Amino acid sequence: IGGLITFAGSVHGTYYNLKYFQELSEIPLFIAADYERGLGTFINGTLFPPNMAIAATGDINNSAIQGEIIAKEARALGVNMILAPVVDINNNINNPIINIRSYGDNPKIVTQYSIPFINAVQKEGLLSCVKHYPGHGNTSTDSHTSLPIININQNELYNNELYPFHQACKNGVKAVMVGHILIPSIDSSPSTFSDKITRKILREDWNFNGLIITDALEMGALTSTTWHGESVIKAIEAGADILLLPIDGIKAINSVYDAVIN
């Protein structure tokens, strides 16, 4: 494995567990966490309001302060990859999963507040990972349960959903998380399995040379239609560097191994 993701637990237990796992691994592990609102989301640490409230203050410096504090607390715990910020645009009022996790419904406001957060996290020596590429805002479906379909044309996609991700890449963000989203005007495959959305746009068009990580492979958006081993292989073929939360880590590794041998 290349890394772990940490969720709930005590500060003491999490710190010593992560220290132990790092000592077990010959290669230093990525330790990721969904600290969008800080450590307080899961354990005893600072808890910030959601992104929409940060943007409502009208002061982008608040976003930078938030990023700095999250990074310092995370580093003290042993976490080195922050799966944040959310740079989805909240452009569907019925969105059940993004909503107030977004900075707002305007791509420029989302960019304005996300860049200081990214810079602050990475200044502290951690990796910031923007999500959920290519944009999870314009849907009323929760990808934890089923696959969201976003019916927009290419111009709409580039001018809205992709804009904050492109700006983050130009600004030097270290990682991008690909969400499980279907955009029929671009590809008939979900973005996680799409060479056009993952490799072509990120790598070839934008010259992004950071890490590409999938959203959790255990989510219903994929498991409802695709066998787990196939999801693992298709995501790598599309350009993913890291597979997040496969249903079974050992089977995932074996699926990759068998695919390479074959």
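How many helices and strands does the secondary structure of the protein chain come to? Color by secondary structure and count: 9 helices and 6 strands. Here helices are DSSP runs (H or I, at least four residues), strands are runs of E of at least two, and both are numbered from the N terminus. The radius of gyration, taken over C-alpha atoms, is 18 Å, close to the 18 Å that the globule rule (2.2 Å times the number of residues to the power 0.38) gives for 262 residues, so the chain is as compact as a globular protein of that length.

Before zooming in, know that this is a predicted model, where local features need pLDDT of at least 70, side-chain atom pairs count only at pLDDT 80 or more, and totals for chains, interfaces and linings use all residues. Residues are numbered from 1 along each chain as its sequence is written, and side-chain values use heavy atoms, with hydrogens and water left out.

Now select residues 175-178, strand β5, and show side chains. A175 and M177 point one way, V176 and V178 the other, and all are buried (under 20% relative accessible area with a 1.4 Å probe, protein chains only).

Find Y133: its bridge partner in β5 is V178. Trace the chain from β4 through helix α5 (residues 154-170) to β5 and you've followed a right-handed β-α-β crossover. Right-handed means that, with the strands pointing away from you, the path from the first strand over the helix to the second runs clockwise.

Finally, select β6, residues 211-214, which pairs with β5 in the parallel sense over 4 bridges. Here L211 is the bridge partner of A175.

Notes:
Buried < 20%, exposed > 50% of the residue type's maximum accessible area, 1.4 Å probe, protein only. Pairing = 2+ DSSP bridges.
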